[in-house]
Amino acid sequence: MPWSSFDEAFGKHYKPLGRPAKSTRLMVGLHYLKHMHDLSDEEAVERWVENPYWQYFCGFEFFQHHLPIDPSTMTRWRKRVGPEGMEKVLAATVGVAVETGAVKESSFQRITVDTTVQPKNIAHPTDSRLYLKALQTLVRQAKRHGILLRRSHTRVAKRAALMAGRYAHAKQFRRMRREIKKLKTFLGRVYRDIVRKVAGNAALEARFARLLGLVERLLTQKTKDKNKLYALHAPEVACIAKGKARTPYEFGAKVGIATTNREGLVLAAKNFEGNPYDGHTLSDTVAQAAQMTGVDPERIYADRGYRGHNYEGEASVMLSGHKRGLSPQMKRELKRRSAIEATIGHMKTDGRLDRNFLKGQTGDAINALLVAAGHNMRLILNALAFWLAWIMSVTEKTVKIVKTDTSRLMIRYQTSMA
């Protein structure tokens, strides 16, 4: 791993004053290990103490018996470095894959592109739950700042949310809508009461500005509106239709993935705000892949969802189902386009793409890049394990041949002596 390059890239985020910072190799290594093995910050730090191989990978020559950092340090380090630094972490895995022989440089010229959803760590959004959560948050903030409300409605609101869920389960939707309307009325009363009592107080207005803005957005949104609010703690979440019976919708952010067509090495993991059309994400995804590798692709393979794309580069874009004017090699590569689906599946099951716990749009971008880096590290380790197994098998065969030849020579020598 190019550890010295990380020191040069991330050194600008630190100042020479104050307490010495933790080593860059330790922080980058912990993030690699975390996303290779699908661990949380706490689990990664605790397992690091037990594993001498992990400690050597992070730059320690002697076994350590104590936690290297507090788990919250990883959160602060991610915020300090940002998505730009995580792109360097991903680019390093691409360079290591070339050096170890896990991927060939010629593979960078032929890439496969697809999009997926990175679900956010939120509960399934329903109107009753959102109204109740907003009401409880407003009341809690009002008590914290000494605002006396005319009525909090917390007891009757909790009862209304409970009955709304029961009526929905019993398919009594008219009664369910009546309870939801009650919840909306309770929330509106508390919202207007707080607006009246913070008016004229600059400090309280600044304190309640974000929360009151979210509640107003929640009260005014309609069923068919776009850019709806699905979670108070994650207002950036978008509803993305998946089109499958078991999960018709997913709530999170759209991510563009680019891999090599031959080996499946991830070259780009670009996070997008909202729910853009797949074809309009192609240009940014390919640009990130070219930045990671330093090579402009010659052929781009994608599915039919990219029809009407916005890519204007020199590379030829081939969509699935395209048949005219293709050489046999192009047909084989286009047939391998569907392999990216398995790559995305591994990033969700073996990595942390199935649920994002990081905050905000910055957290979405950071998590996608780190998941891609962890997937590349697993591919590199699998390639090294394959070569090691091959070398071991060849060595065993050589030893057997040498033993056989030696025994034959001994038999001949004994026969001649007799």
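How many cavities of 30 Å³ or more does the structure hold, and which residues line the largest cavity?

Analyst: This is a predicted model, in which local features need pLDDT of at least 70 and side-chain atom pairs count only at pLDDT 80 or more, while totals for chains, interfaces and linings use all residues. Residues are numbered from 1 along each chain as its sequence is written, and side-chain values use heavy atoms, with hydrogens and water left out.

The structure holds two cavities of 30 Å³ or more. A cavity here is a set of points, on a 1 Å grid over the protein atoms alone, where a 1.4 Å probe fits but cannot get out; lining residues have an atom within 4 Å of a point. Points are joined across faces, edges and corners, and the volume is the space filled by probe spheres set on them.

The largest cavity has a volume of about 40 Å³. Its lining consists of Glu 236, Gly 252, Ala 253, Asn 271, Phe 272, Glu 273, Gly 274, Gln 361 and Asp 364. By class, the lining of the largest cavity has two nonpolar, four polar and three charged residues; Ala, Val, Leu, Ile, Met, Phe, Trp, Tyr, Cys and Pro count as nonpolar, Asp, Glu, Lys and Arg as charged, and the others, Gly among them, as polar.

The second largest cavity, with a volume of about 30 Å³, is lined by eight nonpolar residues, one polar and no charged. Helix α10 (residues 282-293) gives the largest share of this lining, four residues.

Technical notes: 1 Å grid on protein atoms, 1.4 Å probe; cavity = no way out; pocket = protein on both sides within 12 Å on 5 of 7 lines; lining within 4 Å. Helix = DSSP H or I, 4+ residues; strand = E, 2+ residues; numbered from the N terminus.
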